[in-house]
Every structure is written in C-alpha cells, then in structure tokens.
Amino acid sequence: MFRPATQRLSVATASRRMVKTLRHFCKKAPRKLRVSEALSGADLEAKVQVQGWVRSVRSQKANLFLDVNDGSCLQSLQIVASPQLNDPLLTFGSAVEVQGVLKQSLHAKQPVELAAEHIRVVGECNPLDFPFKIKERHKLEYIRQFPHLRCRTNTFSSLLRIRSEATSAVHSYFKENGFLQIHTPIITSNDCEGAGELFQIEPSSQQNSEDENYFSIPAYLTVSAQLHLEIMAGSFSRVYTFAPAFRAENSQSRRHLAEFFMVEVELAFTRSVEDLTEVMEDMFKRTTERVLDRCAEDVDLFHKHVRPGHRDTVEATLKERFLVMTYSEAINILKRSSQTFTFPANWGCDLKTEHENYLVKHCGTRPVFVVDYPYQLKPFYTRDNRDPPEHTAAAVDLLVPGVGEVYGGSLREERLDLLRARLEKIGLEDNYNWYLDLRRFGSVPHGGFGMGFERYLQCILGVDNIKDVIPFPRFSHSCLL
C-alpha cells in the first residue's frame, strides 16, 4: 500500500520512539538494598539504591561524605559523592534515597562505601531543634524523656534489634523442643496471682446500667496466662505463650512496669521441681547464646558503654550450671550475713530485692534457684509439699545477677481434695469450680513457670532500669503516647 512520504516519516519516527521507550523500561533498575546488606560486601561494583536517615554530613572540597543508616544494623554506610550533589536539606536526621555503585573502601573500619550518582532528600529534619546531638552519647535517663524519638539513637535502636532477636529466639526454642504456642486472652475474669493489683475493664461510654457489667461479670486485664495454660495442659503436654501482662502496682521504681511481656510455660506429667528448673536453665542459655551470636555488635554496645565488663558475667552464666538452694538455706545465709538489710530476713518473709541480690553475690555472682518456699506465701494453686513442721510449697524462683528474680514457677496442686480444701479456706471455691473440674477429669501432675521478658533483657545487657528495655513504658502516673 502506497503511503505519502510525510506519513511514512511519521510511522518511522513513532517506531524509533517505541524502541527507545522499550529500552528505557528494559533497563535494569538499581537493586534496593538495606544498609546491612550493602555492608556485607556481596554486591561490590553493582549499581544499587539505599534508603535511610543521615547520621552525619561532611562536606569537603573534593568530596561530600554522608553516613546513612536505615535501622537494619548499628553501623552506617558511608556515602561518597561529588560536592555538586550537596543540598542544603542534607542535614543530620534527614531521610534520603541514594543511587550509586558499591565500592571497596580503603578504611579498615568501613570496608564498603557507596559511590553516589544521585541523592534525593525525601524527608527534612531541623538538627537545631532535634534533642539528640551528633556524635554525643546520651544517657538512658535523658533519652527516656523522648519516647517518640529515642528509637533514633544508637543505644535504643540496638536495644530494639536485640529485643526482636530475643523474641525470635524464645519462639524458636519452644518450637524446636515440641511446645505448642497458645494465644491466651488479654481480658479475663480471673485474678491468677490473688494480689488484687488489677486493671478493671469498662466501656469508655457507659451503655449499660450502673449495676450491669459489659461482660455480665467483672473483667480485668490479665496478670498472668497461667490458668488458661493449665486448661490447655490437660490436652497438650507442653504449651507456652508469649504475651503482655498488666499489674496495677502504684510504683515508679526501676523494677516495675504496669504493662510488660511474659513468657509462660506449662508442662504436664512432671515429677518434681527439677523438671521445671531444667527447662528454665536450658531456655535461658540457648536463647542468650543465639542473641549473643546474632546481635554481637548491638550487645557489645551495651557491654562497653552501658555496663562495662558485663560480658564476662554473661559468659560465665552460660558456662556454669545454675546453683540450687532451698528457701530455708537462703534465710540462714541472710541471717549470718554482716550486711544490714532494710527488711529483716526471717523464715516466712517474702524475699526482697536486697535479699535476692545478696544471695546471687554470695553464690559468686551466679544464677541460683531458690526452691520450697513457705506454703502461706504462695497462691492457692501451688502444690503442698506436706513437710511439717516447716510446711513448704513446691515453688521455685530463679535469681540472676543485677536483677534478682527473673523466673518464677511451681508445681500445681493436682490433688482434688487438697485443692478444694484450700479454695474453701480462702472463700473461692465457687469462683474456681471450673478449675476443680480440671482435677476431676483426667488430671496429671503438672507445673509451669513465667519469665519476665524485660527483666531477662536487663540481665543479659546490664541495664539498670526496666523502662529502658521496652519500646513504650507504662507505669504509675505515666502513659505517654
């Protein structure tokens, strides 16, 4: 078919444009890498894209240097660029997108750098108003004042990576050892601990009459998942949960939070407290080993700058078997001590933090299990040792250096007559008739324990205040954000 010359020209032009467009779309886009991936050195000489936040800016005559971090690791990636790529918006804290080629660096501390071809500022930051200063190490007490910004500091970003890895390590441990994870409820009608330190649940707008509860019965935020796990342990021999717990303690001390996380475990077919201590010790050691291995750089930051020398304490903890002593032996040690305690240590008293720390030091700064507590100190579900004249319960606490109690557990009372008698004595038989049913229908000896996750992190990192190991601390008179 004959076409006029002008029409043939327009068709040819359109074809060339189409080829050019196809070439544009067929070009390989720069691979997007996290900073940790870029620093691994696996993509040297490749054109890549990195996104993150500027940690420092150094403008020189020949080059522009940026340190960029995206939270994937403690170390930042050095960006080397032409001075022409400088921008007044490139400041500490600004968010950037950088394209360039990964190169081998001549600096031993930074083996990889990114030779930038393009830098785009995608988020501005005014460093003059920012509460954290460049290259200044702020104390944990200071950054705690800024819960919305403290994740941008090296110390707290390291803490959050460690916390994430420790969470994964806990789940992996239980998965590898045949435990079934149970999602236990946050809202409950039970007071597991019997201490009365509960947050009661009520609708924000009162839809019902004053005498009517939303759930028809009083409901609370859970203080422990133990009773729900005991239900599951009647069908599954190994169960656990990892969930928040709540205590309405009117305390602002460095040891207490109103909201915290608990790892709780229940084991069926137990024979003695030793069945529990074996799992406690193994879980503590395997979880810690994984965290130290996979978060070495982040953990080192705490062991060098927050609690210098704490690494030796942690490593010694992993190498040696945990000690075991009875409550009676612990009281005798405290009584023989030349140290003056604020709270006297007499048989029948609850061990205070000062007692726990002294016992750990007495044992050579090693973790120690304290077993067989006075029966009257423990909740109704704790198994009676029936050992007059002392009358103790099959309960256990794990005390660790720098923190004190981090685990608490017990064998549960599986004998129906003894459990019913205790519930009758404290006037709770009607409330816990369902709990007695667990003993009526196929009960077996069983037990369990709980680990305070934040206290565990304090222990391995050497952090004094529990508010510094949780993203958003809630405690008496403080619920920021």
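**Exercises: a pocket, a sheet and a helix**

The second largest pocket has a volume of about 950 Å³. A pocket here is an open set of 1 Å grid points, over the protein atoms alone, where a 1.4 Å probe fits, with protein on both sides within 12 Å along at least five of seven lines. The volume is the space filled by probe spheres set on the points. The model is predicted: local features need pLDDT of at least 70, side-chain atom pairs pLDDT 80 or more, while totals for chains, interfaces and linings use all residues. Residues are numbered from 1 along each chain, and side-chain values use heavy atoms, without hydrogens or water.

**Exercise 1.** Describe the lining of the second largest pocket.

*Solution.* Start at the centre. Of 27 lining residues (an atom within 4 Å of a point), the closest to it are Arg-55, Leu-74, Ser-76, Lys-135 and Asn-154. Next, sort by class: seven are nonpolar, 10 polar (Gly among them) and 10 charged (Asp, Glu, Lys, Arg). Then find the main supplier: β2 gives the most, three residues.

**Exercise 2.** Trace the order of the eight-stranded open sheet.

*Solution.* Strands are DSSP runs of E, at least two residues; a pair needs at least two bridges. The order reads β7-β10-β11-β16-β15-β14-β13-β12, with mixed pairing. Inside, β15 and β16 pair antiparallel over five bridges. Ser-410 faces Gly-448 in β16.

**Exercise 3.** Check the span of helix α4.

*Solution.* Count 23 residues. The expected span is 1.5 Å times one less than the residue number. That gives 33 Å, and the first-to-last C-alpha reach is 33 Å. Gly-178 follows α4, with positive phi near 75 degrees.

Methods:
Helices (H or I, at least four residues) and strands (E, at least two) are DSSP runs, numbered from the N terminus.
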